[in-house]
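This report walks through selected local features of one chain.

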Amino acid sequence: MKKLSDMEFFKSRKVRIWSAVIAILLFLTGTAFLIGVLSYEMFTANPRFVIRHVRVSSQDHGFWKGRKDLICDILQIREGSTNMFNLDPGKMRRRLLEREPSIQSVRIIRELPDTLYVYLVERTPVALVNSLNSRLVVDSKTILMQKDRCMDIASTLPVIFGIPDVSGYPPGSAIHRYQAAVNLVILTRTSYPDLRIGLISVKNKGQLICSIYYKDDPYFYRVIMPDRELSRNLQVLAATLEEMRKNNNPRRNINLLFRNQVIITGNPEPEPSKKKKKR
């Protein structure tokens with residue numbers, strides 16, 4: 001029997017190793033291809049997993065309540081033809097959040113074999129931007145939104161103004177300069193229900209200039225206050241207004257810029273005109 005030289009031995013061993021590697025790679029490739037074919041046949045091409053039902057859930061008074069067709073259009077879903085396994089819930093969620101600023105959060109759940117659930121939490125508008133007829137609103141995080149694609153509560157909202165041109169803020173962006181004004185609105189609703197804000201100006205840095213109604217008074221008070229320590233300022237304002245009512249003080253301008261002093265100035269508002277009785 002002829003003995004192999006060392007060089008021939010290593011060459012033969014190298015050939016065997018590479019042959020084994022190639023065989024393994026071919027096996028793995030074939031296996032992956034087979035799995036892909038089976039997966040396609042069993043899942044993505046299986047009519048059993050075609051979406052038959054899309055369920056959209058949102059707040060009772062939200063814009064998206066009952067707007068399943070619009071959600072399906074945005075997500076490019078067609079009931080009766082879109083396969084459940086052709087959908088990526090993560091991408092669908094991002095698409096909704098990026099396109100619709102009024103949607104605060106989304107959960108998308110696939111329930112086999114044929115039902116898709118879309119759970120939405122909507123942003124709540126807090127104030128109109130620049131005018132009562134504005135088409136824009138902001139929420140508690142000062143996220144800018146289109147009024148006609150939000151909860152329909154614009155008629156009850158105050159107006160925040162002071163930035164004449166908001167065109168530099170596309171819907172979905174935050175107007176951080178409005179944050180103190182928004183916080184003030186929320187505080188009056190949660191902790192000072194006797195105070196109702198009509199307008200807030202943020203034009204002057206560090207100050208909020210507001211028209212505020214107190215209890216059942218049909219006329220507003222013009223109040224200027226710092227944009228900090230809002231709860232304390234409202235507490236002082238409420239106490240001041242109550243004292244003014246007791247003393248029948250007709251003045252309407254209240255300055256809270258000085259921490260330990262309340263300055264009251266201004267002329268009284270005219271009395272409401274009384275309608276003449278028909279004879």
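Gln76 sits in the loop between α2 (68-75) and α3 (89-99). The model is predicted, and in it the phi of Gln76 is near 60°, a positive value in a residue other than glycine. Gln76 counts as exposed because its relative accessibility is 60%, above the 50% cut-off.

Glu229 also has a positive phi, about 50°, although it is not a glycine. Glu229 belongs to the loop between β10 and α5. Its relative accessibility is 44%, so Glu229 counts as partly exposed.

One more backbone feature concerns a proline. The peptide bond from Leu112 to Pro113 is cis, with omega near 10°. Pro113 is in the loop between β2 (103-111) and β3.

**Buried positions**

Thr115 is placed in strand β3 (residues 115-122). With 8% relative accessibility, Thr115 counts as buried, since the limit for that class is under 20%. The side chains of Thr115 and Asp114 are joined by a polar contact of 3.2 Å. Beyond its neighbours within four places in sequence, Thr115 is in contact with His53, Arg55, Met84, Ile109 and Arg110.

The C-alpha atoms of Phe49 and Met84 are 5.6 Å apart, while 35 residues separate the two along the chain. Phe49 lies in the loop between α1 and β1 (53-57). Phe49 is buried, at 11% relative accessibility.

**Helix α4**

Helix α4 covers residues 179-190, twelve in number. From first C-alpha to last it reaches 16 Å, close to the 16 Å expected at 1.5 Å a residue. Which residues of α4 are buried? They are Ala180, Ala181, Val182, Leu184, Val185 and Thr188. An α-helix has 3.6 residues a turn, so residues three or four places apart point the same way. The buried residues of α4 pack against strands β5 (136-138), β7 (159-161), β8 (195-201), β9 (207-214) and β10 (221-226), and against helix α5 (230-246).

**A nonpolar surface patch**

Ile17, Trp18, Val21, Ile22, Ile24, Leu25, Leu26 and Leu28 make up a nonpolar patch on the surface. Together they have about 800 Å² of accessible area. Val21, one of these residues, lies in helix α1 (residues 6-44). Val21 is partly exposed, with a relative accessible area of 33%.

**Salt bridges**

Side chains of opposite charge can pair when their charged atoms come close. The count comes to ten salt bridges. Three of them are listed here.

| Pair | N to O distance |
|---|---|
| Lys65 and Asp60 | 3.8 Å |
| Asp73 and Arg78 | 3.7 Å |
| Asp216 and Arg245 | 3.5 Å |

In the Lys65 pair, Lys65 is partly exposed at 44% relative accessibility. In the Asp73 pair, Asp73 is partly exposed at 46%, and Arg78 is partly exposed at 43%.

Asp216 and Arg245 meet in a salt bridge of 3.5 Å, N to O. Asp216 is in the loop between β9 and β10 and Arg245 is in helix α5, so the pair ties together parts that are 29 residues apart in sequence. Asp216 counts as exposed at 62% relative accessibility. Arg245 is partly exposed, with a relative accessible area of 32%. Elsewhere, salt bridges that share partners join Arg99, Glu100 and Arg149 into one network.

Definitions and conventions. Residues numbered from 1 in each chain as written. Predicted model: local features only at pLDDT ≥ 70, side-chain atom pairs only at ≥ 80, totals over all residues. Heavy atoms only, no water. Helix = DSSP H or I, 4+ residues; strand = E, 2+ residues; numbered from the N terminus. Expected span 1.5 Å × (residues − 1). Buried < 20%, exposed > 50% of the residue type's maximum accessible area, 1.4 Å probe, protein only. Contact = heavy atoms within 4.5 Å. Patch = residues over 30% accessible without salt bridge, like charges linked within 9 Å, V, L, I, M, F, W, Y side chains within 5 Å. Areas by Shrake-Rupley, 256 points an atom, 1.4 Å probe, with all protein chains shown as cover. Salt bridge = Lys/Arg side-chain N within 4 Å of Asp/Glu carboxyl O. Polar contact = N/O pair within 3.5 Å; in protein donor to acceptor, adjacent residues only side chain to side chain.
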